Amino acid sequence: MKHFESNVQYIKYLVNKEVAYRFFQGTLVKGPFLERDIAEAIIPGPKASFRCCIYNERKIIEDRVHLILEPTKDNRVINVLDSACDECPLDRFVVSDSCRGCLGHKCQEVCPRGAISIVNHRAYINQELCIECGKCKQVCPFGAISEVMRPCMRACPVDAVKIDENRKAMIDHDKCISCGSCVHQCPFGAIVDKSYVMNILNLLRNSFNNTTYHVYAVVAPAIASQFGDVKVGQVFSGIKELGFYDVVEAAIAGDMVALAETEEFAETIEEKKWKTTSCCPAFVEYVRRNHPELMDHVSTVVSPMIAMGRALQAKDPLAKVVFIGPCTAKKVEVKQPEVKGAVEHVMTFEELRSLLDAKGVDLAKEPEIAAGEPSSYGRIFARTGGVAESVRRVAKLEGVEVEINPVRCNGIDECIRALKLASFGKLDGNLIEGMVCKGGCTNGAASIFHDTRGIQRVNDFSREALTDDPTEGIRGYDMEAFSMEREFENLKK
């Protein structure tokens with residue numbers, strides 16, 4: 001448990017590790033009892049540790065294994081594991097002592113299931129009938145109906161987590177931005193992000209030691225916040241031990257994006273009046289789904305992940321890219337038609353930890369290796385304010401005379417507020433840096449650790465860079481050989 005914040009993370013780790021271990025050993029043979037065998041190996045019994053009995057626990061493990069071995073066919077990343085959902089037996093809406101027993105009875109009239117009755121001149125909610133729609137709370141003139149939200153619903157910033165008729169959680173995929181906040185906050189681990197672990201393992205195996213094609217690992221700069229007991233260079237070395245042809249810092253593409261963002265900003269700000277960054281896929285998806293009329297203000301520069309994928313493919317025709325980071329929304333981004341093909345699959349930091357241990361890689365014994373030489377500014381893309389600081393740095397170096405006045409949004413709530421102000425022409429700035437996760441990527445939903453030390457570690461890693469000039473960070477890559485643009489084709493259609 002020392003590597004994790006909670007038992008939920010630990011269970012996920014054990015499942016991924018056992019699957020990967022069997023893969024590496026050549027014993028992961030599909031059959032009718034494979035999932036049960038893995039579940040029994042993880043939950044040997046006889047006593048239960050996190051549910052009522054070992055049989056319930058094993059069922060949850062089996063379902064988790066099934067989702068790894070046979071991921072859902074659609075591109076939806078956030079899903080509910082029904083067997084793990086506790087149905088949270090909370091009475092979400094209850095009548096408080098503030099109820100005056102008024103004559104209006106609006107709460108009773110608006111209830112679609114007839115769950116509200118009047119008893120002794122006070123409203124009463126029959127929890128067996130209540131579907132938690134919240135309409136009674138909305139119409140009560142005294143505010144006498146209080147609400148206790150489930151952790152998954154409270155965590156969702158866009159109201160995409162709903163409750164079905166069986167009181168199980170469900171995802172409204174028309175609203176979901178795949179930020180993974182519900183995945184991180186669900187105390188039962190019932191909401192899961194789609195796994196591409198098997199895809200990645202098969203990609204590595206089928207390369208035949210990188211002779212048929214070259215599998216590159218592109219690692220997000222937030223990696224500096226995750227393995228505090230070893231050097232980042234040792235982590236890069238450990239990743240290469242998994243079978244990758246080479247390991248590359250995504251921070252190099254951060255430098256690329258900073259250059260492209262600055263150029264686009266200078267060329268379009270007079271017309272647009274204000275712009276937003278486009279590095280955070282959950283932020284872009286929020287704008288796309290909730291404020292499509294504002295998409296014209298979103299930068300058309302690709303994210304560092306996509307930029308690095310395209311750059312490697314331009315440099316090496318045999319390149320196939322796997323991105324390793326803390327973000328669940330990246331798993332959606334790689335499938336979007338306007339950027340599809342740049343990156344094969346996404347692996348989270350949680351999944352990386354599992355694979356390293358399954359392979360028997362001891363990071364403390366690994367030598368330090370470099371994964372490129374990005375600038376210090378490319379590395380601070382991992383925390384709030386980093387993108388804005390990088391763009392301003394490039395503008396200064398390039399002699400851009402246009403004033404760049406950034407608004408750094410630390411979390412989705414600040415993003416929503418900034419977009420509203422901008423839409424009314426009241427934004428105190430002209431460049432919105434949109435980061436859905438508070439603190440930035442260091443606090444991504446699929447991070448192993450979420451704490452303030454992560455930002456400090458990213459800053460320390462940034463100071464180890466050999467240059468603070470983003471134009472030097474991209475040396476070795478021909479920027480004319482690939483595109484840094486995306487067109488948001490879905491929106492145009």
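1. Start with phenylalanine 208, which is exposed, with a relative accessible area of 55% (buried means under 20%, exposed over 50%, partly exposed in between, with a 1.4 Å probe and protein chains only). Phenylalanine 208 has a positive phi of about 50° although it isn't a glycine. You'll find phenylalanine 208 in the loop between helix H8 (197–206) and strand S9 (214–219); helices (H or I, at least four residues) and strands (E, at least two) are DSSP runs, numbered from the N terminus.

2. A word on the source: this is a predicted model, where local features need pLDDT of at least 70, side-chain atom pairs count only at pLDDT 80 or more, and totals for chains, interfaces and linings use all residues. Residues are numbered from 1 along each chain as its sequence is written, and side-chain values use heavy atoms, with hydrogens and water left out.

3. Asparagine 120 also has a positive phi, near 50°, and is a residue other than glycine. Its place is the loop between strand S3 (116–119) and strand S4 (122–125). Asparagine 120 counts as exposed because its relative accessibility is 70%.

4. Have a look at the bond between glycine 45 and proline 46 too: it's a cis peptide bond, with omega about 5°. Proline 46 sits in the loop between helix H2 (34–42) and helix H3 (54–69).

5. Now the strands. S14 (residues 406–410) and S15 (residues 431–435) pair in the parallel sense over five bridges (pairing takes at least two DSSP bridges between two strands). Valine 407 has isoleucine 432 in S15 as its bridge partner. Together with helix H17 (residues 412–423), S14 and S15 make a right-handed β-α-β unit; right-handed here means that, with the strands pointing away from the viewer, the path from the first strand over the helix to the second runs clockwise.

6. On to the cavities: there are eight of 30 Å³ or more. A cavity is a set of points, on a 1 Å grid over the protein atoms alone, where a 1.4 Å probe fits but cannot get out, and lining residues have an atom within 4 Å of a point. The largest cavity holds about 350 Å³ of space. Of its 31 lining residues, the closest to the centre are Cys279, Pro281, Cys327, Lys330 and Cys441.

7. The second largest cavity holds about 290 Å³. It is lined by 21 residues, and Arg64, Ile68, Val192, Asp193 and Ser195 are the closest to its centre. H1 gives the largest share of that lining, five residues.

Notes
1 Å grid on protein atoms, 1.4 Å probe; cavity = no way out; pocket = protein on both sides within 12 Å on 5 of 7 lines; lining within 4 Å. Points joined across faces, edges and corners; volume = space filled by probe spheres on them.
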